[in-house]
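Subject: Structure handover

Hello,

Please find the structure below, for you to take over. My notes on what was found follow it.

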Amino acid sequence: MTSNNRRGLLDYWTHNTNGYLDLVGSEMFPVVNITLGAADRDRDSHGAFVNRIGRLALAHKAIDATKAFAGRDLAEFGGFYIHVFPGTPLVLPDPSSPSGQLSIALDLGSGMIDGRRFCAIPDQMTGHLLMAHELGHVVGFPDSFGILSSGIDWNNTGATSHLYGDPYDIMSASTFATLNNPAGGVFYAGDPTFSGPVPADWRPGGTSAMGPALTQASLHKIYPNAIPPGVIRYVSLPLAGPVTARLYASQSRGGAKRLIIVRPQNEDVSGRGRCYIEFRDSIAWDQGLKTSGGNLSRRGVTAHVLADEPGVGVRAFYRGRVLVPVETDSDLRVAFTTLTVRVLRTDLHLGYVDIELSQSANRGVSIEAASRVERVAPIGPQIERFTPCGDTIHYGAWRTRTITSYEGLAFGFGGTGGPLDPPVTFHWTVGGQPLDPAKTRVDIAVGGSVHKVSYALTPSANRLLLTSAPGDHVEAPVRLTVTDQSDSATAEASFTAQGVASGYSPHDIGVLGACEAKLRLRLRWNLGDFTIPGNGDLFPEPPPEFADRSVLETEIAAAVTAGSDLADHLRSLLHLRFDTAHG
């Protein structure tokens with residue numbers, strides 16, 4: 001129930017309520033024996049016995065036996081977790097069966113007994129995930145809702161419901177928004193689980209399936225005081241304009257913001273229309289979230305809204321997500337609200353995303369480009385030079401090729417985050433020529449010459465890679481058009497390849513950098529004291545106040561206290577660096 005690695009069942013709920021429910025202090029009673037007979041079976045709607053012993057009968061027998069063993073009435077407990085270990089199966093005569101016998105199954109689930117919650121779980125049907133789910137009912141959490149799923153299809157009749165339709169919430173166990181295809185297979189599926197440690201002498205298999213976390217929407221609705229106030233940012237509708245915010249992963253700890261609550265105008269006491277935005281990263285109890293592929297349980301920014309479920313009441317409904325990192329569509333129109341959530345920036349290393357909340361329906365597309373230049377072959381003679389460390393290096397002209405990657409990000413097309421959204425499509429042109437996904441090269445006419453540029457498209461075509469031929473000088477516009485069933489948007493960028501550049505070979509650049517590192521180590525000189533980062537160049541550019549190289553040399557010389565010979569070395573190195581960066 002608890003463990004040193006904090007993967008125990010009680011550890012799950014202590015962690016996911018931020019310590020608010022300290023279940024680790026719960027009392028565990030010794031094993032007691034119970035006897036279940038034919039009269040303990042459930043009955044159908046006509047009053048006839050069925051071949052299953054119900055959870056309520058299990059609970060009554062287990063609690064009564066524990067009272068007798070402990071000599072206590074157990075009145076101080078608010079709920080019970082009942083684990084039924086394997087025993088002697090109940091078998092009844094059944095003339096209609098080939099074997100002449102009928103095996104009686106044990107029910108699994110939660111309920112109420114004497115005004116208190118309980119869950120009863122037969123051992124042969126258990127797994128960590130399922131146990132955590134059922135214990136969640138005992139501590140007050142209801143099943144969760146979301147997109148259409150087959151979670152209620154107990155008898156394989158094709159029944160569907162929004163119940164169990166959340167691919168991110170333990171209280172949708174264990175279907176997680178999976179929708180079956182009656183012809184076989186599934187239309188879509190969620191599986192946010194991961195494999196955890198299996199206790200010694202415990203049965204193998206499903207016991208090791210763990211996660212995911214509890215959604216913050218459910219936690220805040222049931223136990224609002226369980227979430228530290230400092231980690232919540234509140235926003236009220238209507239918005240005066242776009243609101244930007246930084247969100248850290250909901251499973252992270254500390255004081256950083258990890259939940260946004262958007263309150264509707266004139267919110268009622270039940271919170272109808274309230275929207276919860278959180279970043280679900282694949283860490284801690286969420287480490288089972290997928291980082292790629294078609295699974296619904298993917299790392300992303302999720303939205304949940306409090307809404308009415310007929311005959312049930314106000315519940316937290318899953319309303320979609322934006323994948324992180326963004327793949328094709330960077331925003332989400334939260335269903336049944338006026339809210340749009342857009343992911344602006346992602347830093348998975350630091351564990352946060354920057355998002356924008358708006359009530360705007362503006363559509364568009366942006367292109368993010370990144371280039372690198374490779375020196376492929378020397379042209380003509382190379383001039384021999386020396387580093388201050390005595391290494392021989394060569395300087396000259398080089399044929400280069402330019403490799404530029406482009407990523408298109410659509411916004412305002414606003415999918416609902418559901419698996420069956422009509423996708424947006426991406427169409428690229430380079431130099432006015434449309435790119436055929438089945439080909440890998442495009443001919444671009446520039447100034448009467450035809451230049452061959454290689455390209456590669458991802459299957460969704462939202463990413464493009466262009467590569468120039470070595471030594472080829474070419475400039476061409478790049479255009480991206482995004483369309484859906486009703487609208488389109490366009491963005492432009494450019495592709496520029498110089499073809500020829502002066503400088504050192506890739507090997508010599510490494511030699512030069514190693515020399516610089518040696519001198520900086522001797523001087524304890526921080527390069528950042530004199531320069532600022534450039535735009536992807538190997539060597540940083542000098543800051544504006546040091547644009548004149550002589551000024552920079554003077555400042556370096558003034559900082560050198562180890563002797564004039566070392567200052568001369570640094571001046572020499574400075575010349576080499578400028579030749580490399582500006583050659």
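Ile-261 stands opposite Tyr-276 in strand 18. Three bridges join strand 17 to strand 18 (residues 275–280), and the two run antiparallel. Strand 17 (residues 259–263) also pairs with strand 15 (residues 232–236), in the parallel sense and over five bridges; two strands pair if DSSP finds at least two bridges between them. In that pairing, Ser-236 is opposite Arg-263 of strand 17. Four of the five residues of strand 17 are buried, which leaves the strand mostly covered. Buried means under 20% relative accessible area, exposed means over 50%, and partly exposed is in between (1.4 Å probe, protein chains only).

Before the rest, a word on the source. This is a predicted model, in which local features need pLDDT of at least 70 and side-chain atom pairs count only at pLDDT 80 or more, while totals for chains, interfaces and linings use all residues. Residues are numbered from 1 along each chain as its sequence is written, and side-chain values use heavy atoms, with hydrogens and water left out.

As for the whole protein, its secondary structure comes to seven helices and 33 strands. Of its 583 residues, 45% count as buried. Among contacts between residues at least 6 apart in sequence, 60% join residues at least 24 apart, where contact means heavy atoms within 4.5 Å.

Strand 7 pairs with strand 8 (residues 116–122) in the antiparallel sense over five bridges, and Gly-111 has Phe-118 of strand 8 as its bridge partner. The hairpin of these two strands has two residues between them, and Asp-114 in this hairpin takes a positive phi near 55°.

The other open sheet also has three strands and mixed pairing, in the order 1-2-6. Strand 1 (41–43) and strand 6 (105–106) are its edge strands, each pairing on one side only. Strand 1 runs antiparallel to strand 2 (residues 49–53), joined by two bridges; the partner of Arg-41 in strand 2 is Ile-53.

Angles run from 0 to 180 degrees between N-to-C directions, and axes are lines fitted to C-alpha atoms, for helices over the stretch in contact. Eleven of the eleven residues of helix 3 are buried, so the helix is largely enclosed by the rest of the structure. Its buried residues pack against helix 1, strand 3, strand 7, strand 8 and strand 14 (209–210). After helix 3 comes Gly-140, with a positive phi near 115°.

How do helix 1 and helix 3 pack? Helix 1 (residues 9–16) meets helix 3 at an angle of about 55°, and the axes are 9 Å apart. That makes helix 1 oblique to helix 3 (under 35 degrees counts as roughly parallel, over 145 as roughly antiparallel, 65 to 115 as roughly perpendicular and the rest as oblique). Helix 1 contributes Leu-9, Leu-10, Tyr-12 and Trp-13 to the contact, and helix 3 contributes His-128, Met-131, Ala-132, Leu-135 and Gly-136. By class, this contact has seven nonpolar, two polar and no charged residues. Ala, Val, Leu, Ile, Met, Phe, Trp, Tyr, Cys and Pro count as nonpolar, Asp, Glu, Lys and Arg as charged, and the others, Gly among them, as polar.

Last, Ser-144 is in the loop between helix 3 and strand 9 (145–149). Is Ser-144 buried or exposed? Ser-144 counts as buried, because its relative accessibility is 2%. Leaving aside residues up to four places away in sequence, Ser-144 touches several residues, including His-162, Tyr-164, Asp-166, Asp-169 and Ala-316.

Regards
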